[in-house]
Amino acid sequence: MIQRFAFAGRAVQSLCAAAALGLTAGLTAGLTAGLAPASAQQEPRLDVIYVPTPQEVVDRMLELADVKAGDFMIDFGCGDGRMVVTAAKRGARGYGVDINPVRIKEANENAKKAGVTDRVEFKIADLFKEDLSKADVMAMYLLTDINLRLRPKILDTMKPGSRVVSHAFAMGDWKADHHEVVSNKDVYLWYVPAKVEGKWEVTGSDTMTLELGQTFQMVSGKIGGAKSGSVSGRLKGKEITLTVVRDGKSTELKGTVEGNEIKGSGWQARKT
Ligand SMILES: C[S@@+](CC[C@H](N)C(=O)[O-])C[C@H]1O[C@@H](n2cnc3c(N)ncnc32)[C@H](O)[C@@H]1O
């Protein structure tokens, strides 16, 4: 039988990238199962072809993202729903969208088989139109350019401290907080960093003004009024660690960012 497939240009990159990652067998299966014959007029336009994440990789991704009861996890481009169903088996609530109705049918069937229909929801939808703001964890297996298109929305709308875990594809110059290889597949984890750019008045064990700059989770800046000195550090979600070097003396400050305040042990800071 000859089948013609319709998919957006980016799916071709997926084909190449995934094939380079040794996913050829999965891709062949995915291509056959995931894309409708051209004769079906209302076939979805895919930005990424369907290749399921191996279950052992799903398990490790959710372990790394510490998915647990009380969490709300999303997978946009959810395929047969395996990430969302696995999250629900760990006690979390999950929401998956896929533009392909065939995938959503499979996802609902899988949720039923796993006995987790009360904790999951699947919807036929375009991933670019969905809200990320309520998620504690976002799982994805998309493409680097799609990750990059989603990146501003992730950084601006997801809660600081929420986790993003991706199979195979990274996020450009937003370096992962953790990377590992599981069954020959790359897995990346990021913590959405709190926003700390600006001027902070530090009080407590020390008193100073810090002018912080921020690039993703990396922080650097100046100490107001100091003849010499610098501040550098990083964020892991809302947790901040700063190394302040002033007049040759180095001090480490650890704290938690809550909006315009940072609370540490023996010190605090307020954004001015
Ligand atoms: C590589 S698969 C990943 C499936 C699943 N997340 C997993 O890891 O097993 C990508 C999925 O994205 C879906 N997809 C492609 N373009 C989409 C879009 N614009 N909106 C929503 N889903 C899309 C495809 O139908 C496919 O199921």
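Is asparagine 184 buried or exposed? With 10 C-beta neighbours inside 10 Å, asparagine 184 counts as exposed. Keep in mind that this is a predicted model. The chain has 272 residues, and 40% of them count as buried. Its secondary structure comes to six helices and 15 strands. Among contacts in the chain with a separation of 6 or more, 56% are between residues 24 or more positions apart.

**The open sheet**

- Seven strands form an open sheet in the order β3-β2-β1-β4-β5-β7-β6, and the pairing is mixed.
- β3 (120–124) and β6 sit at the edges, each pairing on one side only.
- On average, neighbouring strands of this sheet are turned by 15° against each other, direction ignored.
- Strand β1 (residues 72–76) is largely enclosed by the rest of the structure, because four of its five residues are buried.
- β1 pairs with strand β2 (residues 93–98) in the parallel sense, over five bridges.
- If you want a landmark in that pairing, look for phenylalanine 76, which stands opposite valine 97 in β2.
- β2 also pairs with β3, again in the parallel sense and over five bridges.

- α4 lies across β1, β2, β3 and β4 (137–140), and runs at about 175° to β2.
- α5 packs on the sheet too, touching β2 and β3, and its direction makes about 165° with that of β3.

**How α4 and α5 meet**

- Helix α4 (residues 82–89) and helix α5 (residues 101–114) have axes that come within 9 Å and cross at roughly 25°.
- Angles under 35 degrees count as roughly parallel, and α4 and α5 are therefore roughly parallel to each other.
- The crossing of these two helices, α4 and α5, is right-handed.
- On the α4 side the contact uses Arg82, Val84, Val85 and Lys89, while α5 brings in Ala107, Asn110, Ala111 and Ala114.
- Sorted by class, the contact of α4 with α5 has five nonpolar residues, one polar and two charged.

**How α3 and α4 meet**

- Helix α3 (residues 55–64) packs against α4 at an angle of about 55°, with the axes 10 Å apart.
- That angle makes α3 oblique to α4.
- α3 passes α4 in a right-handed crossing.
- From α3, the contact takes Gln55, Val58, Asp59 and Leu62; from α4, it takes Arg82, Met83, Thr86 and Ala87.
- The residues of the contact of α3 with α4 split into four nonpolar, two polar and two charged.
- Arg82 of α4 turns up in the contact with α5 and in the contact with α3.

**Two residues with positive phi**

- Alanine 168 has a phi near 80°, a positive value in a residue other than glycine.
- You'll find alanine 168 in the loop between β5 (163–167) and β6 (178–182).
- Alanine 168 is buried, because 23 other C-beta atoms lie within 10 Å and the cut-off for that label is 20 or more.
- Asparagine 184, from the opening question, has a phi near 70°, also a positive value in a residue other than glycine.
- Asparagine 184 lies in the loop between β6 and β7 (185–191).
- Its 10 C-beta neighbours inside 10 Å fall within the limit for exposed residues, which is 12 or fewer.
- Alanine 168 and asparagine 184 are 16 residues apart in sequence and 9.7 Å apart in space, C-alpha to C-alpha.

**The barrel**

- Eight strands close into a barrel, in the order β8-β9-β10-β11-β12-β13-β14-β15, with antiparallel pairing.
- From one strand to the next, the twist averages 30°.
- Strand β14 (residues 261–264) pairs with strand β15 (residues 267–271) in the antiparallel sense, over three bridges.
- A handy spot to check in that pairing is isoleucine 262, which stands opposite alanine 269 in β15.

Methods. Residues numbered from 1 in each chain as written. Predicted model: local features only at pLDDT ≥ 70, side-chain atom pairs only at ≥ 80, totals over all residues. Pairing = 2+ DSSP bridges. Axes fitted to C-alpha atoms, helices over the stretch in contact; angles between N-to-C directions. Parallel < 35°, antiparallel > 145°, perpendicular 65-115°, else oblique. Left-handed = near helix turned anticlockwise from the far one by under 90°. Contact = placed C-beta atoms within 7 Å. Nonpolar A, V, L, I, M, F, W, Y, C, P; charged D, E, K, R; others polar.
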